[in-house]
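Please take a moment to look over the sequence and the 3D structure below.

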Amino acid sequence: MVDLRVMGNYKPIKNYDEDDNEQRRLDPCGMRQPTGRDDLEMALPISESRSATAYTNEERPVKKIDDHSPPSSRNQSQRLISLDVFRGLTVALMILVDDVGGIIPAINHSPWNGLTLADVVMPFFLFIVGVSLALTYKKLSSRVVSTRKAILRALKLLAIGLFVQGGFLHGLNDLTYGVDITRIRWMGILQRIAVAYLVAALCEIWLKGGGTVKSGSSLLRKYQYQWGVTLFLISLYLCLIYGLYVPDWEYQIPTEPSLPPKILSVKCGVRGDTGPACNAVGMIDRKILGIQHLYRRPVYARMQECSINSPDYGPLPSDAPSWCQAPFDPEGLLSSVMAIVTCLIGLQYGHIIVHFKDHRERILHWMIPTSCLVVFGFALDLFGMHINKVQYSFSYTCVTAGAAGILFTGIYLMVDVCGYSRVTTVLKWMGMHALAIYILAACNVLPIVIQGFYWGHPRNNILRLIGIGT
C-alpha cells in the first residue's frame with residue numbers, strides 16, 4: 001500500500017523487506033541506511049506543526065511501502081526521536097540546575113567568566129529550536145501565511161514569558177500576586193526564545209536559495225543568505241560590545257520605608273570593557289529597557305568581590321564595589337543578538353537532516369562544524385575573548401553550539417541509528433511537553449498555585465507544611 005500523502009509516480013521496489021533485513025543484520029546500527037528513507041520529525045511545541053517530513057537530496061517525496069505493520073508502529077519507526085530526547089534532556093538539566101544549583105555551586109551558573117552545566121541549558125534550547133525549524137519549513141505552501149503564523153507564535157511566547165517571568169508571580173516566599181508595570185521585567189528566557197525563533201523562522205521562510213543539495217558546498221550555496229545574516233549579527237555584536245563608550249552611571253537601592261532610596265555611582269568612562277560594571281551589554285539594557293526593568297538578582301553578585309560566600313550569594317564584603325547590587329539582565333537585548341546566532345546554527349544542522357538521508361553523511365556533516373566551533377571557541381577564550389554566558393560572548397556561542405552539536409549527534413546515533421530508544425522514554429516524553437514542564441516546574445507556577453490553598457492564614461499551606469518556601 002502506498003502512503004497516500006506522497007502518491008505520485010510510483011514504481012514497486014522489489015525485495016524491499018528482504019534487502020532491508022539483510023542490511024540490518026550486517027549493520028545493526030543502520031549506518032548504511034539507504035538514502036530513500038523519510039524521517040518523520042517532531043518539531044518544537046512552538047513551531048509551525050507537530051511533525052514534518054524530511055525529504056531527499058532532490059527534496060521530492062519518496063514513496064513508502066506498506067510492510068503490513070500497523071500505522072502507529074510505522075510512524076514510530078520513522079520518527080526522529082532524538083529531537084524529543086535532546087529537548088527532554090535539556091528540560092531535565094534545567095530543573096536539575098534550578099533545584100540543585102544552590103546546593104552545588106559547581107553546576108550553578110558561573111558568576112561571570114567560565115562555563116558550568118547550568119550555562120549550557122539556554123543555548124541547548126535555542127539550538128534545538130533551530131533544528132526543528134528547518135524541518136518545519138522545508139516545504140512551504142505560502143510564505144505569507146507561514147510568516148503570519150510564525151509571528152503569532154512568537155507573540156504567544158512573549159506573552160507567556162512576561163506572565164511567568166515579568167514579575168506577576170512573585171515567588172514562594174511572597175504570597176502576593178500582580179506586577180507594577182513601572183518595574184516589570186521585559187526580557188526573560190521565553191522572550192529570548194521567542195525573538196530567536198522569529199528571526200530564524202523568517203530566515204528559513206524567505207532566505208532559501210534554489211538548486212539541489214548534493215554536497216556540503218551546495219548546501220552552503222543554498223543557504224548563503226542565512227549565513228550572511230549570521231555573520232552580520234556576529235559583526236554587529238562585536239562592534240557594539242567592543243566599540244561603544246560606556247559612561248559613568250548610577251542606580252538606586254531601597255532602604256528603610258521611611259528613608260529615601262540610596263544612590264550608588266559606578267565609575268566607567270571606558271570602551272570595550274567586558275567586566276561586570278562597564279560593559280556595553282548592561283549599558284544598552286539600562287538605556288533602552290530602563291534599569292528598573294532589569295533582573296534584580298544578577299549572577300555577578302556571587303563573585304568574590306560581592307559575596308563573602310562566593311561562589312554562592314551572601315552578605316557584601318566591607319570593601320565591595322559599588323556595582324555589586326546593580327540590576328543586570330542575563331537575557332538582555334545585545335546578548336540576545338548572539339542567542340539568535342545559536343538558533344541559526346541549529347537551523348543549519350536541521351538542513352543536514354533535510355538534505356542528507358544517509359546516517360554516515362549526516363554525522364560527518366555535523367561533526368566537522370561541531371569540532372571547528374568547539375576548538376575556535378576555546379581558542380577565542382584563550383586569547384582574551386572569555387566564555388561568558390551573561391553577555392553571551394562570541395566564544396560562549398561557539399563552544400555551547402559545538403557542545404549542542406556533539407550531544408545531538410550522540411543522541412541521534414544512540415536512539416535513531418542504533419535503536420536504543422526505550423531507555424530514553426522519559427526524556428522523550430519530557431521533550432514532547434517541554435513548554436508545559438518549563439512553565440509548571442522551572443517557573444514554579446505549580447508550587448505557587450498550590451500555595452494558594454491554605455487554612456486560617458495564607459502561611460498555613462501545604463508547601464509550608466512540607467518545608468518548601470520557608
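**A walk through the predicted model**

The second largest cavity holds about 80 Å³ of space, where a cavity is a set of points, on a 1 Å grid over the protein atoms alone, at which a 1.4 Å probe fits but cannot get out, and where a volume is the space filled by probe spheres set on points that are joined across faces, edges and corners. This is a predicted model, in which local features need pLDDT of at least 70 and side-chain atom pairs count only at pLDDT 80 or more, while totals for chains, interfaces and linings use all residues. Residues are numbered from 1 along each chain as its sequence is written, and side-chain values use heavy atoms, with hydrogens and water left out.

By the cavity rule, there are two cavities of 30 Å³ or more. Sorted by class, the lining has five nonpolar, seven polar and no charged residues, with Ala, Val, Leu, Ile, Met, Phe, Trp, Tyr, Cys and Pro counted as nonpolar, Asp, Glu, Lys and Arg as charged, and the others, Gly among them, as polar.

Turning to the whole chain, the protein has 16 helices and nine strands. Of its 470 residues, 48% are buried, that is, under 20% relative accessible area with a 1.4 Å probe and protein chains only.

The aromatic side chains come next, and 14 aromatic pairs are counted, a pair being two rings of Phe, Tyr or Trp (its six-membered ring) with centres within 6.5 Å, called stacked if the planes are under 30 degrees apart, edge-to-face if over 60 and tilted otherwise. The rings of Phe 86 and Phe 408 are edge-to-face, because their centres lie 6.0 Å apart and their planes stand at 75°. This pair links distant parts of the chain, with Phe 86 in helix α3 (residues 81-100) and Phe 408 in helix α12 (residues 394-417), 322 residues apart. Phe 408 also forms an edge-to-face pair with Trp 366, at 5.2 Å centre to centre and 75° between the planes. Since Trp 366 lies in helix α11 (residues 359-382) and Phe 408 in helix α12, this pair ties together parts that are 42 residues apart in sequence. Both Trp 366 and Phe 408 are buried, and Phe 86 is buried as well.

Methods. 1 Å grid on protein atoms, 1.4 Å probe; cavity = no way out; pocket = protein on both sides within 12 Å on 5 of 7 lines; lining within 4 Å. Helix = DSSP H or I, 4+ residues; strand = E, 2+ residues; numbered from the N terminus. Buried < 20%, exposed > 50% of the residue type's maximum accessible area, 1.4 Å probe, protein only.
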